[in-house]
Amino acid sequence: MKIRTLLCAALGAAVLASPAMADYPDRPIRLIVPFAAGGTTDIVARVVAESLGRELGQAIVVENKGGGGGAIGAEALARSAADGYTLGMATVSTMATNPATNPKTPYNPLKDFTPIINLVNVPNVLTVNPKVPAQNLQEFVALLKANPGKYSYASAGTGGISHLDGELFKSLTGTPDFIHVPYRGSGPGLNDTIAGQVSAQFDNLPSSMPHIQAGKLRALAVASTQRVPGLENVPTFAEAGMPDMNNMAWYGLVAPAGVSPAVVQRVHDAAARALKDPKTAQRLIDGGSQIDGGTPEAYAALIKRELELRQKIAREQKIQLTE
């Protein structure tokens, strides 16, 4: 009798849970982008959101929540309801460099999120305003050394990947007076670099690529396993003698901790199909992205490896936020 009662209770619970799972999603989904509009995170999010919304049958509403090198938006995601209706873009900045360099980061990247899928891998790039009198990386380093405190670089925010890359660059080249100017995302930093308010920018390639192609920025080196199509004359950092700078960025989807595995699988499968849509894939590739689309488990492992790598760099280069 006891076994029969427990079995009936379990079946009843399954019946109650099934309609909710079958109906997910039954309303629009919010996608938090932890950086300002116009940067690579925003570009990738909006390209994928369009196809993902079609696959899920609901609108994906992109919400930019910039600041703190991505920490403000990431914290907002971590504190959201674990019901599958709030997702977020995860980046090297939010999941690795910020926690590695800032002991006050208000979330734990390994405990407060549920990895869903790594969408794309993206080369990083160092660009300068065309008026900067340096045609290549070697000339730029020589210029910085000859003019301490004169030149500055924009980042997408204090503690983000572009900031950490800039500080690593300073350490590797012996240019401590290369001034850091943080912004609330790549977009605002790009605007000021193009206008000449700052001299250079460490950025992800998709947001910088149109401006490089238009001649508004000069690319000095890319962080990539090989030279980038369309920028064949621009060496990788490894080719330019700086292999420690040759790390690519990545952009993926995560949910708050505690989201049900069924919801994770539903979103993952829909995102994987979205990445295979020819138009979506071409838009991402044209912007400089390399499509990934692996499993949630593979993405969790990638986040852990990246965090450990950035923690190692922060320790060895003695990089800790003081701003």
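Which residue in S10 is the bridge partner of Thr-91? Keep that one in mind while we get set up.

This is a predicted model, so local features need pLDDT of at least 70 and side-chain atom pairs count only at pLDDT 80 or more, while totals for chains, interfaces and linings use all residues. Residues are numbered from 1 along each chain as its sequence is written, and side-chain values use heavy atoms, with hydrogens and water left out.

**Whole chain.** Start zoomed out, in cartoon view. You have 11 helices and 11 strands on screen (DSSP runs numbered from the N terminus: H or I of at least four residues for helices, E of at least two for strands). Along the principal axes, the C-alpha atoms fill a box of roughly 85 × 40 × 30 Å.

**Pro-25.** Select Tyr-24 and Pro-25: the peptide bond from one to the other is cis, with omega near -10°. Most peptide bonds are trans. Pro-25 sits in the loop between helix H1 (2–23) and S1.

**The sheet.** Next, colour the 6 strands of the open, mixed sheet, in the order S2-S1-S3-S10-S4-S11 (two strands pair if DSSP finds at least two bridges between them). At the edges, pairing on one side only, are S2 (60–64) and S11 (290–291).

Now pick S1 (residues 29–33), which runs parallel to S2 and is joined to S2 by 5 bridges. Leu-31 stands opposite Val-62 in S2. To get from S1 to S2, the chain goes through helix H2 (residues 40–56), in a right-handed β-α-β crossover (with the strands pointing away from you, the path from the first strand over the helix to the second runs clockwise).

Move on to S3 (residues 86–91) and S10 (residues 249–256), an antiparallel pair with 4 bridges. Here is the partner of Thr-91: Tyr-251.

**The largest cavity.** There are 3 cavities of 30 Å³ or more, and the largest has a volume of about 120 Å³. On a 1 Å grid over the protein atoms alone, a cavity is a set of points where a 1.4 Å probe fits but cannot get out, a pocket is an open set with protein on both sides within 12 Å along at least five of seven lines, and lining residues have an atom within 4 Å of a point. Show Thr-41, Ala-156, Ser-186, Asn-204 and Tyr-251, the closest to its centre of the 17 lining residues. Both domain 1 (29–122 + 249–317) and domain 2 (123–245) contribute to the lining, so this cavity lies between them (the bounds come from an automatic or database domain assignment).

**The largest pocket.** Last stop: a volume of about 190 Å³. Residues to select include Pro-123, Met-209, Arg-227, Asp-286 and Gln-290. Domain 1 and domain 2 both give residues to this lining too, so the pocket lies between them.

Terms used:
Grid points are joined across faces, edges and corners, and a volume is the space filled by probe spheres set on the points.
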